[in-house]
Structures are given as structure tokens and as C-alpha cells.
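Please look over the sequence and the structure shown here. A short report follows, topic by topic.

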Amino acid sequence: MAVSISVVLLLSVLAVIFLRNGGLKVSHALVCLLLGFCLAGTSIAPTISSGLTATADIVSGLRP
């Protein structure tokens, strides 16, 4: 568990740095992809999934 959290933290920091620089390159996208896979393996994955589902439901219910 400790290794998983360390990897998630490291990849999160790298993703934020890459996004702040404004240029998302292929290497940056790979880091973000790895971050997603690591987050999927943690205990916070169900919370993220339900939050994304709730957001999608809200957005789909909006009428222009």
C-alpha cells in the first residue's frame, strides 16, 4: 500500500507540473496514463468513479 501511494503521489506531482507548463507531449500523456492506472488500483478508485458518474449525470441533464 505504501508503494502504491508513493507512486500515485509522484505521478500526480509530475502530471501537475506537465499541465502547468502548458505543453502536453507524448511523454506527459504517458505519465498521466500511468497515473490513471495507479489510481485505479488504490482504495480511492470507487470514490473517483462515483464522482465521475455523478458529474456525467449532471452534465447530461443540462438543457441549453
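## Terms and basis

Buried means under 20% relative accessible area, exposed means over 50%, and partly exposed lies in between (1.4 Å probe, protein chains only). This is a predicted model: local features need pLDDT of at least 70, side-chain atom pairs count only at pLDDT 80 or more, and totals for chains, interfaces and linings use all residues. Residues are numbered from 1 along each chain as its sequence is written, and side-chain values use heavy atoms, with hydrogens and water left out.

## Overall layout

The protein chain has three helices and zero strands. Its elements run α-α-α from the N terminus on. Helices (H or I, at least four residues) and strands (E, at least two) are DSSP runs, numbered from the N terminus.

The protein chain has 64 residues, and 14% of them count as buried. Its accessible surface comes to about 5,000 Å². Carbon and sulfur atoms account for 74% of that surface. Accessible areas come from the Shrake-Rupley method with a 1.4 Å probe; for residues, only the protein chains shown count as cover.

## Confidence

The predictor's confidence in each residue is its pLDDT, from 0 to 100. The protein chain averages 78, and 89% of the residues score at least 70. Confidence is lowest in H1, at a mean of 74. It is highest in helix H3 (residues 45-61), at 83. Where pLDDT is low, the predicted coordinates should not be read in detail.

## The nonpolar core

Which residues make up the largest nonpolar core? They are Val8, Leu11, Ala15, Phe18, Val31 and Leu35, six in all. A nonpolar core is a set of buried Ala, Val, Leu, Ile, Met, Phe, Trp, Tyr and Cys residues joined through side-chain atoms within 4.5 Å. Helix H1 (2-21) and helix H2 (26-40) each supply at least two residues of this core. H1 gives the most, with four.

Ala15 lies in helix H1. Ala15 counts as buried because its relative accessible area is 7%. Leaving aside neighbours within four places in sequence, Ala15 is in contact (heavy atoms within 4.5 Å) with Val31, Cys32 and Leu35. The C-alpha atoms of Ala15 and Cys32 are separated by 5.9 Å, although the two are 17 residues apart along the chain.

## Toward the surface

Leu14 is found in helix H1. Its relative accessible area is 28%, so Leu14 is partly exposed. The C-alpha atoms of Leu14 and Cys32 are separated by 8.3 Å.

Is Leu9 buried or exposed? Leu9 counts as exposed because its relative accessibility is 55%. The place of Leu9 is in helix H1.
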